[in-house]
Amino acid sequence: MTSKDQASAPEIRFDRVSKVFGSPDAPSGVFRAVDDLSLDIGRGQLVALLGKTGCGKSTMFNMIAGLSEPSEGTVLVSGQNPFRNFDWFRGKIAIVFQNDRLLPWRTAIQNVELGLEMLDIPKAERRDTAKQWLSKLGLAGHEDDYPHALSGGMRQRVSIARAFATNAELLLCDEPFSALDEITAQKLRTEFARLVRENGKTAVFITHSINEAFDIGDRIVVLKRPARIAHDIAMSADVDLEEREKIRETIRASLSQ
Amino acid sequence: MAATSESGLESWRLVGFGRRILMGVAPFAAIAAVWQFASLFFPGYLFPSLVDVFWRCLAILTDWSAFSDVLATAGRILAGLAGAFVFGCLLGFLIVQSRLADRFLSPVLIFFQGIPALSWVVFAIIWFHGVEFRILFIMVVTTLPAFTFQVVGALRAMPKDLLEMVMSFRPSRLKFFRMMVLPSVLPEILTAWKVNLGNASRVVVVAELVGASGGVGYQLLQQQQLFDMAGALAWTLQLVFFVLLFQWVLTLIETFAFRYRAVSERAL
Ligand SMILES: Nc1ncnc2c1ncn2[C@@H]1O[C@H](COP(=O)(O)OP(=O)(O)OP(=O)(O)O)[C@@H](O)[C@H]1O
Ligand SMILES: [Mg+2]
């Protein structure tokens, strides 16, 4: 039940990565959020990272995004160091954060345009793309609303549109649908998986819901605190229903320990 | 039916508008009333009647040579603030970017903050020749620490999660500044201008004692030598009017720039 890389060189490689917060002389001491983690994610894979709250998922995510640097080991994305070669990744990574992180001084559509502005896409084209994404996410008519006038779920959808509009090769999603109602979430999940597969994108999808991981992932990586791999399961179409149930039980048991 | 309720609404609006004007004027009316009351019991050279003060104000505003003194002072305030703001931004960025600069510059600025405006006047007279340069120097040096600290505070208070979000798109430095830094520090920068405007208007009259041959400070000195209280009041009021006017402009900018803000139905 271990996964095989689909492409030759992995798109994302964690090589014995640890992340330590704090310092020994700080009052709260040191905290090891990720511990000696090795993981390869191939090009075109859709990986669900599953783990309980506080197990270090967002910390891993920040290292892939180049927003924080591993304390030990190396993280490589497309063969590059995302922290050191930060600018190399312009237009190549799109991120949906755990909270919406909309700029309060920009309207919904201006928020969606943000990533496109970084890529110097002409104004009219930018508007069009942003508008399409907003209506795809059910926000037509709210283009000119400021974030404070949107509901939590609407804001999260704007932030999803912002990430997807850039059409990046690598999508990182940190529990993007957890603020939405189940029916909307279900719809977006399907849409998300379709988008990733049709366009051959690589995606890392963080979740704490076993069902969501099953719905989305070609591969499910189960993490235990501090972020260490407990299970790494490939979910191809030939895994039958009975086996799925077994896997589900194994994961549930391992997470409830 | 609809017509009556509409005209009723209209008159309600008028009442509301009237009330707002009244509330705005009331504190000043109270001060004026107390002054006028005092003027009934004291000789005119101590508490001149407000009618006299009003005519003196009008004389200043309608006489070009007098009004140009007001303009000169206003110009000095604005030039000083602008200079302090530019240097304050430069120092502020330096302090935020480098720990060494922070450790070195912050104590120096705090030290400067403790020096009274009058001391700067003395230093400026000894060091420099040109009157305008002396005044500019005093204005900049006295408002610089506050501006710097306010810029540092604004930069440090930038929300980290928004900053990381914008960063994740790998913006160029210029775009990062334009899309993230500027809009998020603007509220505090405008507040800093408002606060420093008050300080600067108080310092400028002192600065004008360095030998300016015009300006509100110079005119105040003249009135003091003539023991002319109505004149002193009239000139003081010119400065107050200018501060009020500029505050109002800043408030207009604020209402325009921060229209994105949510308004809670529960006030503070
Ligand atoms: N900047 C930080 N400083 C100190 N400790 C941190 C920091 N960021 C994260 N941690 C710690 O690292 C651990 C993992 O945090 P992380 O945000 O990665 O969890 P998570 O798996 O994303 O959880 P959730 O599902 O609740 O989002 C937490 O226990 C947290 O206390
Ligand atoms: Mg998290």
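Two rings of Phe, Tyr or Trp count as an aromatic pair if their centres lie within 6.5 Å. I'm starting my notebook with that, as I went looking for rings first. One reminder to myself: this is a predicted model.

**Entry 1: rings**

I searched the whole structure and got 30 aromatic pairs over all chains. Tyr146(A) and Tyr260(B) sit 6.3 Å apart, centre to centre, with 45° between the planes. I put the pair down as tilted, because stacked needs planes under 30 degrees apart and edge-to-face needs over 60.

Where do Tyr146(A) and Tyr260(B) lie? I found Tyr146(A) in the loop between helix H3 (123–136) and H4 of chain A. Tyr260(B) is in the segment after helix H10 (229–257) of chain B, so this pair joins two chains.

Phe258(B) is buried, as is Tyr260(B).

**Entry 2: what UniProt says about chain B**

I looked up the record for chain B. The UniProt entry, which is unreviewed, gives "transmembrane region" at residues 21–46, 77–96, 108–129, 135–155, 201–221 and 233–253. I checked a couple of these spans in the model. Residues 77–96 of chain B are 100% helix and 0% strand, and the end C-alpha atoms lie 27 Å apart. For residues 108–129 of chain B I got 77% helix and 0% strand, with 26 Å between the end C-alpha atoms.

**Entry 3: the magnesium ion**

Which residues coordinate the magnesium ion (ligand 2)? I found Ser58(A), through OG, and Gln98(A), through OE1, at 1.9 to 2.4 Å. These two come from distant parts of the chain, 40 residues apart. Ser58(A) belongs to helix H1 (57–64), while Gln98(A) is in the loop between strand S5 (93–96) and helix H2 (108–118). I looked up accessibility as well: Ser58(A) is partly exposed at 26%, and Gln98(A) is partly exposed at 40%.

**Entry 4: cavities**

How many cavities of 30 Å³ or more are there? I counted two.

The largest cavity holds about 50 Å³ of space. Its lining includes Phe89(A), Arg90(A) and Met118(A) from chain A, along with Ser168(B) and Phe169(B) from chain B. By class I wrote down five nonpolar, four polar and one charged residues for this lining.

The second largest cavity has about 40 Å³. Among the residues lining this one are Trp133(A), Phe164(A), Glu191(A) and Leu195(A). Helix H4 (152–165) and helix H5 (182–198) of chain A each supply at least two lining residues. H5(A) gives the most, with four. By class, I noted eight nonpolar, no polar and one charged residues around the second largest cavity.

Terms used
Residues numbered from 1 in each chain as written. Chains lettered and ligands numbered in written order. Predicted model: local features only at pLDDT ≥ 70, side-chain atom pairs only at ≥ 80, totals over all residues. Heavy atoms only, no water. Donors = N, O, S within 2.8 Å, 3.2 Å for Na, K, Ca; no water. Buried < 20%, exposed > 50% of the residue type's maximum accessible area, 1.4 Å probe, protein only. 1 Å grid on protein atoms, 1.4 Å probe; cavity = no way out; pocket = protein on both sides within 12 Å on 5 of 7 lines; lining within 4 Å. Points joined across faces, edges and corners; volume = space filled by probe spheres on them. Nonpolar A, V, L, I, M, F, W, Y, C, P; charged D, E, K, R; others polar. UniProt positions renumbered as here; feature names shortened; annotations may be inferred. Phe/Tyr/Trp six-rings, centres within 6.5 Å; stacked < 30°, edge-to-face > 60°.
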